Amino acid sequence: KLGSDFIPNPGSASISGVFRVFTLDSVTVTDSLYMKSYYDFSGHFLVAKDVKLSSDLIRSDTEGVLDIGGSLVGGFLTSQFDIPVFSVAREAWDREFKILRCHLKADLKSVFSKNVLAFSPNWKERSTKVITGHYDHLGGYGSAVYIPGANDNASGIAMMLNLAEDLKDENIVFMAFGGEEVGLVGSSHFVAFPTFNLTKIELVVNLDLMGAGSKGLMVENGVDLPKTVNTLTRINT
């Protein structure tokens, strides 16, 4: 079942047909007789693996790779593989499987995204604080799997909107970034093309995965702001 037993890798190529399956694990990879049968295998087939393999062990006539025990958390890539790759839950796989029918149509699509910035009413560029969060998420896979992203990161955006109301009299910029799941694309774009002087920013608070918040805040570059870190630690405690 898509989403619980397997997912296609975000960079997977398309595939359609019935294929023989050849299973490799840490035992078979070191078994010379077994590996000889692999290299003598005629025709096209899929390799199921639960070990890391170097590229030379994925032969050119391999139609695709099944990553057994691979992550079932999706994502995005900006390029596409030459062959299809699927992540399969370990409990869903039987190493006795010999035949696999699969059909996947994979298209690399461009998505237009925007950052949304809001400045407090009396904002001035000098010594500004910034509160950020990303509003994009994974979306889903076709019509079978829907991933709404309540925690990552609707929770952070909801917190940011609440803070925008509570802190409207402070000198703050609120930034909702797009394209975070693709690799921090939105925030990287802002840093490359800022709308104000970045050296005037004295503190950035990024709100992400706020659904539980049980671990409090994570501080980076804290040695530069000891007073701020002490304040955050006291609040967190």
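This is a predicted model: local features need pLDDT of at least 70, side-chain atom pairs count only at pLDDT 80 or more; totals for chains, interfaces and linings use all residues.

Trainee: Why is Lys129 called partly exposed?

Mentor: The relative accessible area of Lys129 is 34%. Buried means under 20% and exposed means over 50%, so Lys129, at 34%, falls in between and counts as partly exposed.

Trainee: What makes Glu202 and Lys129 a salt bridge?

Mentor: Their side chains meet at 2.7 Å, N to O. The cut-off is a Lys or Arg side-chain nitrogen within 4 Å of a carboxyl oxygen of Asp or Glu, so this pair qualifies. Glu202 sits in strand β12 and Lys129 in strand β8, so the pair ties together parts that are 73 residues apart in sequence. Glu202 is partly exposed too, with a relative accessible area of 35%.

Trainee: How do you know that Lys105 is exposed?

Mentor: Exposed needs a value over 50%, and Lys105 has 63%, so the label holds. Lys105 also forms a salt bridge with Asp107, with the closest N and O atoms 2.7 Å apart. Asp107, at 48%, is partly exposed.

Trainee: Why does the pair of Lys168 and Glu165 count as a salt bridge?

Mentor: Their closest N and O atoms are 3.3 Å apart; the rule asks for within 4 Å, so the pair passes. By this rule the count comes to 3 salt bridges.

Definitions and conventions. Residues are numbered from 1 along each chain as its sequence is written. Side-chain values use heavy atoms; hydrogens and water are left out. Buried means under 20% relative accessible area, exposed over 50%, partly exposed in between (1.4 Å probe, protein chains only). Helices (H or I, at least four residues) and strands (E, at least two) are DSSP runs, numbered from the N terminus.
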